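Subject: Two-chain model, handover and notes

Hello,

Here is the structure for you to look at. My notes follow below it.

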Amino acid sequence: MSAVPTPLSEFVAAVPDRLWLALFVLLFGLVAAYVVGVINRRLLTRAGVPEVIEGTAFERTAREFDTSTVRILAKLSSYFIIAVAVIVALTVADVNYLEQFWSGVAAFLPRLFVAVVVLIVGVVVGDKAELLVAERLRGIKLPELGVLPPLVKYSVVYVAALIALGQVGVQTLALVVLLGAYALAVVLFAALATKDLVASAAAGVFLLLRQPYVIGDEVRVAGERGIVQEVDLFVTRIEADGEEHVVPNHSVFRDGIVLIRE
Amino acid sequence: MASLTDHLSDLVEDADAVLVFSPTSSFHDRFEDGDTEVVVVAPDNDVDAEVFVELPLPFDNVKDRIRFGIEGAMDAELVSEGDEVVCIASVFDGGSDAVIRVTVDETVHTGIYDLFVNSRAEPSVIRDVFEVAIELGQKGQKGKPVGALFVVGDAGKVMNKSRPLSYNPFEKSHVHVGDPIVNVMLKEFSRLDGAFVVSDSGKIVSAYRYLEPGAEGVDIPKGLGARHMSGAAITRDTNSTSIVLSESDGLVRAFKAGELVLEIDPEEY
């Protein structure tokens with residue numbers, strides 16, 4: 001059977017196998033990218049991500065450009081796979097003259113991908129944390145507390161940016177030191193500010209569990225004598241002659257309790 | 001049609017203030033640029049109104065709801081005696097469907113507002129106890145009507161003016177009214193006579209308490225029994241509020257300073 005040399009079969013024969021393989025890889029990459037993108041979007045939607053991040057600044061900005069965070073993340077994974085496919089295809093096709101450049105990019109690409117994802121997740125989580133804190137504080141109408149929500153947001157974003165920068169290989173030592181100092185300051189400040197509260201709560205747990213005195217008992221605590229009206233985690237309320245003493249629980253514990261029985 | 005519109009404009013003419021009950025925000029926004037003072041009366045300040053009276057119970061009885069709103073407005077010195085007030089409320093389920101004109105005078109002062117806002121116990125605690133009593137009144141215990149007496153607030157003094165009838169089932173426990181598990185427990189414990197004592201913050205201090213207040217000078221409607229009498233008397237001796245579910249007629253009554261303040265039929269809720 002002698003084949004008739006048509007122009008098409010000639011063309012097919014002229015192209016090296018290597019190139020066909022490259023083309024196949026590219027095609028496969030495109031299909032995989034599309035499938036992964038769709039699956040990702042469905043998974044994220046199914047996991048309830050859109051409802052959770054509803055109202056965050058990032059999502060709102062995304063909406064303005066007629067897209068959404070979930071769609072951006074799905075697209076990102078698609079682009080990543082396409083880029084990998086292109087690089088593999090180029091390698092297979094043996095495009096020599098760019099080898100140096102492409103091998104560098106191939107190594108760098110996954111890190112860039114992780115960095116971008118971390119950054120997006122960080123910004124979204126930061127936005128959400130800001131919203132939650134702001135919601136919590138809305139009942140307390142104090143203008144000074146207005147600095148708290150952005151502080152929480154930028155802390156989260158800062159950490160995310162730090163991880164992202166670390167991924168792409170930027171020197172972050174100075175920034176990490178800054179973060180450490182900041183965390184230490186927050187912990188120190190919180191410990192100082194809540195020292196008495198924590199001590200009171202610890203004593204309050206004991207008082208609530210063992211109940212050395214109950215509502216209605218006459219006691220003398222921290223120099224105040226009267227009838228116990230209320231015991232909660234932080235304070236004990238003692239009333240005598242129309243005066244109600246609010247005694248912090250840690251002083252109850254430190255000074256002891258006198259139960260008065262007639 | 002003209003006479004109907006005339007009647008409506010007569011109704012709202014020269015009103016000193018408008019009380020809007022539980023408005024939607026779009027409905028409230030329509031009042032923004034009016035000249036008359038607008039007072040929003042609702043369970044929560046959803047519409048960010050400047051002038052707001054909190055409604056602790058969603059009074060089904062419109063009269064009670066309006067009385068509460070007016071008393072709240074009087075207390076905040078938004079309206080005063082002799083003012084003409086127009087109330088916009090919802091009588092049937094759904095949106096605001098009624099316009100009611102009321103003249104503010106002292107007879108409106110029934111103490112309902114006082115009961116919730118100026119009691120020693122927190123308003124939410126009183127509301128929760130009310131809800132428990134109402135539910136108990138609706139369902140009873142195993143289908144039979146049941147009576148109950150709750151003394152809310154000033155628990156220390158109440159405990160000193162009473163003695164236990166039996167072991168206190170709430171000893172060393174930290175249950176608060178309003179916790180969902182409590183309703184069943186209270187139902188069970190209401191089988192035995194005696195009062196429940198609830199603290200200012202809603203902790204159930206004791207059950208099965210026999211109250212021993214001095215009963216002289218307590219003036220409550222004749223025909224109410226021993227439970228109501230002791231419930232009313234304890235509120236005279238202490239700063240507490242008592243909420244009583246009657247076994248015979250099934251009504252929930254609240255007493256404060258020895259006087260009957262509020263009467264609710266659980267079946268209407």
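Start with Tyr208(B), which lies in strand S9 (residues 204-211) of chain B. Helices and strands here are DSSP runs, numbered from the N terminus: H or I of at least four residues for helices, E of at least two for strands. Tyr208(B) is not a glycine, yet its phi is positive, about 60°. It counts as buried because it has 20 C-beta neighbours inside 10 Å. The cut-offs: buried means 20 or more other C-beta atoms within 10 Å of the residue's own, exposed means 12 or fewer, partly exposed is in between, and C-beta atoms are placed from the backbone.

Two ground rules. This is a predicted model, so local features need pLDDT of at least 70, side-chain atom pairs count only at pLDDT 80 or more, and totals for chains, interfaces and linings use all residues. Residues are numbered from 1 along each chain as its sequence is written, while chains are lettered from A and ligands numbered from 1 in the order in which they are written.

Asp14(B)

Most residues other than glycine have a negative phi. Asp14(B) also has a positive value, near 55°. It is found in the loop between H1 and S1 of chain B, just after H1(B). Is Asp14(B) buried or exposed? It counts as exposed, because it has 8 C-beta neighbours inside 10 Å. Helix H1 (residues 2-12) of chain B is hardly covered either: of its eleven residues, the count of buried ones is zero.

Chain B

Chain B has eight helices and twelve strands. Of its 269 residues, 38% count as buried. Take contacts between residues at least 6 apart in sequence: 59% of them join residues at least 24 apart. A contact means two C-beta atoms, placed from the backbone, within 7 Å.

One sheet in chain B is open, with five strands in the order S3-S2-S1-S4-S5 and mixed pairing. Strands S3 (52-54) and S5 (98-103) of chain B stand at the edges. Each has a single partner strand, so one side of each is left without a neighbour in the sheet. From one strand to the next, the twist averages 25°. Strand S1 (residues 17-21) of chain B pairs with strand S4 (residues 84-89) of chain B in the parallel sense, over four bridges. Pairing requires that DSSP finds at least two bridges between the strands. Within this pair, Leu19(B) stands opposite Cys87(B) in S4(B).

Val175(B) sits in the loop between strand S7 (162-164) and helix H7 (182-189) of chain B. It is partly exposed, because 16 other C-beta atoms are within 10 Å. Leaving out residues up to four places away in sequence, Val175(B) touches Phe170(B), Val182(B) and Ile204(B). Val175(B) and Lys203(B) are 28 residues apart in sequence, yet 5.8 Å apart in space, C-alpha to C-alpha.

Chain A

Chain A has ten helices and five strands. Of its 262 residues, 20% count as buried. Of the contacts in chain A with a separation of 6 or more, 62% come from residues 24 or more positions apart.

Two helix pairs are worth a look. Axes are lines fitted to C-alpha atoms, for helices over the stretch in contact, and angles run from 0 to 180 degrees between N-to-C directions.

- Helix H2 (residues 17-46) of chain A packs on helix H5 (residues 69-92) of chain A at about 165°, with the axes 8 Å apart. That makes H2(A) roughly antiparallel to H5(A) (angles over 145 degrees count as such; under 35 is roughly parallel, 65 to 115 roughly perpendicular, the rest oblique). By class, their contact has 22 nonpolar, six polar and four charged residues.
- Helix H7 (residues 148-167) of chain A packs on helix H8 (residues 173-193) of chain A at about 155°, with the axes 10 Å apart. That makes H7(A) roughly antiparallel to H8(A). Tyr158(A), Val159(A) and Leu162(A) in H7(A) meet Leu175(A), Val176(A) and Leu179(A) in H8(A). By class, that contact has six nonpolar, no polar and no charged residues.

For the classes, Ala, Val, Leu, Ile, Met, Phe, Trp, Tyr, Cys and Pro are nonpolar, Asp, Glu, Lys and Arg are charged, and the others, Gly among them, are polar.

Best wishes
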